[in-house]
Amino acid sequence: MQDKMNKYFYLSPREEAAMKVLWNTEEELSASEIANRIPDRSWPVSSIQNTLKTLEKKGAIQVSSITKLGKSYGRLFRPTLSSNE
């Protein structure tokens, strides 16, 4: 994990938008909460899952907990990197 954090990686515009939402809040957020907080989002909420999966592979975010969201369970995310990193 430490090796991933020491390497520079590129954030796509969608990844950067999701990260900005996470960096600007202290709370852990679900995928739909992240998507809904992205200003001027022109893409569907459903596509946030792929973006979050990629960010997880890059080591930029982690699942902080699993909780009940409505009638089902969902993952809540937190950033593992600061905006400066």
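**View A. Contacts of Ile-48 in the predicted model.** Setting aside neighbours within four places in sequence, Ile-48 is in contact with Ala-18, Ala-31, Ile-34, Ala-35, Ile-38 and Trp-43. The model shown here and in the other views is predicted.

**View B. The largest nonpolar core.** This core has 18 residues. Met-19, Ile-34, Ile-48, Leu-52, Leu-55 and Ile-61 touch the most other members. At least two core residues come from each of α2 (13-23), α3 (31-37) and α4 (48-57). Helix α2 gives the largest share, four residues.

View C. Ile-48, Thr-51, Leu-52 and Leu-55 are the buried residues here. They lie on the same side of α4, because their arc around the axis is only 95°. In an α-helix, residues three or four places apart point the same way, because each turn takes 3.6 residues. Asn-50 and Lys-57 are exposed on the other side of α4. The cover over the buried residues includes α2, α3, β2 (61-69) and β3 (72-79). Gly-59 follows α4 and has a positive phi, near 80°.

**View D. Ser-32 and Gln-49.** Ser-32 belongs to helix α3. Its relative accessible area is 36%, so Ser-32 counts as partly exposed. Gln-49 is 17 residues away from Ser-32 in sequence. In space, the two are 8.8 Å apart, C-alpha to C-alpha.

**View E. Arg-41 and the ring of Trp-43.** The charged end of Arg-41 sits over this ring, 5.8 Å from the ring centre.

Conventions
Residues are numbered from 1 along each chain as its sequence is written. This is a predicted model: local features need pLDDT of at least 70, side-chain atom pairs count only at pLDDT 80 or more; totals for chains, interfaces and linings use all residues. Side-chain values use heavy atoms; hydrogens and water are left out. A charge sits over a ring if NZ of Lys or CZ of Arg is within 6 Å of the ring centre and within 35 degrees of the ring normal. A nonpolar core is a set of buried Ala, Val, Leu, Ile, Met, Phe, Trp, Tyr and Cys residues joined through side-chain atoms within 4.5 Å. Buried means under 20% relative accessible area, exposed over 50%, partly exposed in between (1.4 Å probe, protein chains only). Contact means heavy atoms within 4.5 Å. The arc is that of the directions from the helix axis to the C-beta atoms.
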